[in-house]
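Hi everyone, thanks for making time this morning.

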Amino acid sequence: MLSPSSTQLLLLSSLLLLKAPGPSMSCLLSTETEDFIDWWQHAVFYQIYPRSFKDSNGDGIGDLQGIIAKLPYLAETGITATWLSPIFKSPMVDFGYDISDYMAIQTEYGSMSDLEQLVHEANSLGIKIILDFVPNHSSDQHEWFKKSAAREAGYEDFYVWSDGQLDEEGQRQVPNKWQSVFYGSAWEWHEQRQQYYLHQFTKEQPDLNFRNPAVVQAMDDVLLYWLNKGIAGFRIDAVNHLFESESLSDEPLSGKSDDPLSYDYTEHIHTKDLPEVLDMVQHWRQLLEDYTAKHPTGGTRIMMTEAYAGLRKLADYYEDENGKRGSHLPFNFNFISSVSRESDARDFVYNVEKWLIYMPRGHAANWVMGNHDNPRAATRFGADSVDAMNMLLMTLPGVAVTYNGEELGMQDNLEISWEETVDPPARNAGELDFKKVSRDPARTPFQWSDSKNAGFSSADKTWLPVHANYPELNLESQKLANRSHYKVYKSLIQLRKLPVLRRGRFSIEPLSRAVFAFKRTLKDYNTLVTIINVSDKEQIVNLNDFINRPQQLIVEVAGVDSTYEPGDYSNRNGSQQLLLSPHSGIILREHVIMSAQRRQLVKQIIKSFNVVLVALLMYNLWRHKWTKDIAPHRHQPGVGQCAVGVALDMPSGFGKSANNLLPLRDTESPAESK
């Protein structure tokens, strides 16, 4: 039997647990919570541009062994999936997007054994490898194209060929006025074949003919080849360019340009987003699902698709009107193409909500903050917005896509000269206009340290010049700093493991033209609130209308220039208002007195206490044989009830301190009971 002092201690412990403040959410919740989410549905996909990531052999070009050497960095950061820009054999006219052999590795990047080692070591660290797949076009050096140009049997129609047309003077002309994405006509004359071939990109990148079943089979074989190497999926490049109208009709004018050779000159209704594209995407989805079913130990094999298209069309990539599924993740470029430093809070809210509105139910949202084809986030939004944009990216529902270097706040190298420029569309634009279209500034080498070439390479010259700010802006210095963009980014990845960010409901509002906020809520878990100031002025934020108890918010993540630190109360100065610096963000968690886990613990303790209490009662009744001590009270005049607790050997004052948990007789006072 428990002694009176033990009983008091048990009750006191329960009361203390009821009143004690809860610990940090990060500490309280398990990061291994199992739920319905597949591995890819809440992942951070880290894009590596291999040529610029890490050079292992001193030739000034990044390679596979360089990536292998930096896998521990990815694991330490919390990355669980990375996709590589093309590493296949290529003449490098478009730096890997002109493939001459889909089943071989470009020699300057390494060998097949290097790729196999990369997959093996990445998997051992819990990192999945996604490859860039470029099906729309090959290199003109590919054996397929050479055979097609020679009209070799079985390859005659592997590419899109046309005789062209004759003008009034009998001169041969291109088949139509279609333009290349990279400027100029989309047609090139081939002397050997005596026909024009279509190229929607450079003339060295002829378009494959996906109306030919042999081409479809050849590409299926490519996918299966790499899946058998342990690849977890593919990012499919320029997928909405796969089919063209068989009529080869001219496209209508767009009114966006007066230059007939500019890609903006026409509306591309015959060369983009044709219905057959969805059929092909759905075909590849089935291929991946069939492979996963046969090889389940590798997890779901996925497909991410790149298509700069309208929102309705992108939603169809998830699934069509009949519910047939296609791409796991049709890339969402709203943060790249639809908002900028000039956007206000309403623009951000609109671009978040419209994606979620059009996305079919049951699919994972995705958010792309940057890539190798567009200016970096720190350049588009400003260096002071880096943390805020990463907070936005990481706390929205679904998948986040980070371009290598944006965890550091790397910026575009805008000082690359004409002589140093290698990007094909920039070279096509000429010396006067190359900076308007060049993608080189966003592709400069990763800034690892303040050593030679930012620690990227030991070469005297790198393939693109390193940004001049690398002595101050590099990973090594950010790891050593008390606060840095990298440390903020890493803390955000850790935060994403919480169930409220994995499964929580989402709501977003513009609090003003300058500030927007969104919250993630999940039953039995603390709410998280992300607040972003997109203006160039300090903002005072009142959250009373957005969250029930703003006075109980604690800072979870704050930017490098914030006056707040993790663990601070948002009302640390006694004010219910939050002060946000220009272009800054903050993540707050709702501080509740008791979490779901603690409530459950208290319930168990109280239940156990009640069991012990009943046992004590029964013991005392048995010991005193029920009537021995209570009989005199039972026969007092006017008394209708017996105070069964008066015979218990309870500690002095127990009835008062426990709020009279034991019943008293109708006419008995607490003093008499005692």
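**A walk through the model**

Let's start at Tyr 155, which touches Trp 144, Lys 147 and Ser 148, leaving out residues up to four places away in sequence. Please keep in mind that this is a predicted model. Where does Tyr 155 sit? You'll find Tyr 155 in the loop between helix 7, residues 143-149, and strand 6, residues 161-162. From Tyr 155 to Glu 143 is twelve residues in sequence and 9.9 Å in space, C-alpha to C-alpha. Tyr 155 is partly exposed, with a relative accessible area of 21%; the cut-off for buried is under 20%.

Now let's zoom out for a moment. The protein has 674 residues, and 55% of them count as buried. Its secondary structure comes to 23 helices and 22 strands. If you take the contacts between residues at least 6 apart in sequence, 69% of them join residues at least 24 apart.

Next, have a look at strand 1, residues 44-48. Five of its five residues are buried, so strand 1 is largely enclosed by the rest of the structure. As a reminder, side chains in a regular strand alternate between the two faces of the sheet. Which residues of strand 1 are on each side? Val 44, Tyr 46 and Ile 48 are on one side, with Phe 45 and Gln 47 on the other, and both faces are covered.

Strand 1 also has partners. It runs parallel to strand 15, residues 399-403, and four bridges join the two. Within that pairing, Phe 45 has Val 401 as its bridge partner. Strand 1 is also joined by four bridges to strand 2, residues 81-84, and this pair runs parallel too. There, Tyr 46 stands opposite Thr 82.

If you follow the chain on from strand 15, you come to Asn 413, in the loop between strand 15 and helix 15, residues 424-429. Is Asn 413 buried or exposed? Asn 413 is buried, at a relative accessible area of 6%. So what does its side chain reach? Setting aside neighbours within four places in sequence, Asn 413 is in contact with Pro 441, Thr 444, Pro 465, Val 466 and His 467.

On to a pair of helices. Helix 8, residues 213-227, and helix 9, residues 275-294, have axes that come within 11 Å and cross at roughly 35°. That crossing is right-handed. Which residues meet there? From helix 8 we have Val 216, Met 219, Asp 220, Leu 223, Leu 224 and Leu 227, and they meet Met 280, His 283, Trp 284, Leu 287, Leu 288 and Tyr 291 of helix 9. By type, the residues of this contact divide into ten nonpolar, one polar and one charged.

Helix 14, residues 386-395, is another one to find on your screens. Ten of its ten residues are buried, so helix 14 is largely enclosed by the rest of the structure.

Leu 248 has a phi near 55°, a positive value in a residue other than glycine. Leu 248 is in the loop between strand 11, residues 233-236, and helix 9, and is partly exposed, with a relative accessible area of 22%. His 583 has a phi near 50°, again a positive value in a residue other than glycine. His 583 is in the loop between strand 21, residues 577-580, and strand 22, residues 585-590, and counts as buried at 6% relative accessibility.

Strand 22 takes us to the last stop, strand 20, residues 553-558. Strand 20 and strand 22 run antiparallel, with five bridges joining them. In this pairing Leu 553 stands opposite Glu 590. Six of the six residues of strand 20 are buried, so this strand is largely enclosed by the rest of the structure.

That's the tour, and I'm happy to take questions.

Conventions:
Residues are numbered from 1 along each chain as its sequence is written. This is a predicted model: local features need pLDDT of at least 70, side-chain atom pairs count only at pLDDT 80 or more; totals for chains, interfaces and linings use all residues. Side-chain values use heavy atoms; hydrogens and water are left out. Buried means under 20% relative accessible area, exposed over 50%, partly exposed in between (1.4 Å probe, protein chains only). Two strands pair if DSSP finds at least two bridges between them. Contact means heavy atoms within 4.5 Å. Axes are lines fitted to C-alpha atoms, for helices over the stretch in contact, and angles run from 0 to 180 degrees between N-to-C directions. A crossing is left-handed if the near helix is turned anticlockwise from the far one by less than a right angle, and right-handed if clockwise. Ala, Val, Leu, Ile, Met, Phe, Trp, Tyr, Cys and Pro count as nonpolar, Asp, Glu, Lys and Arg as charged, and the others, Gly among them, as polar.
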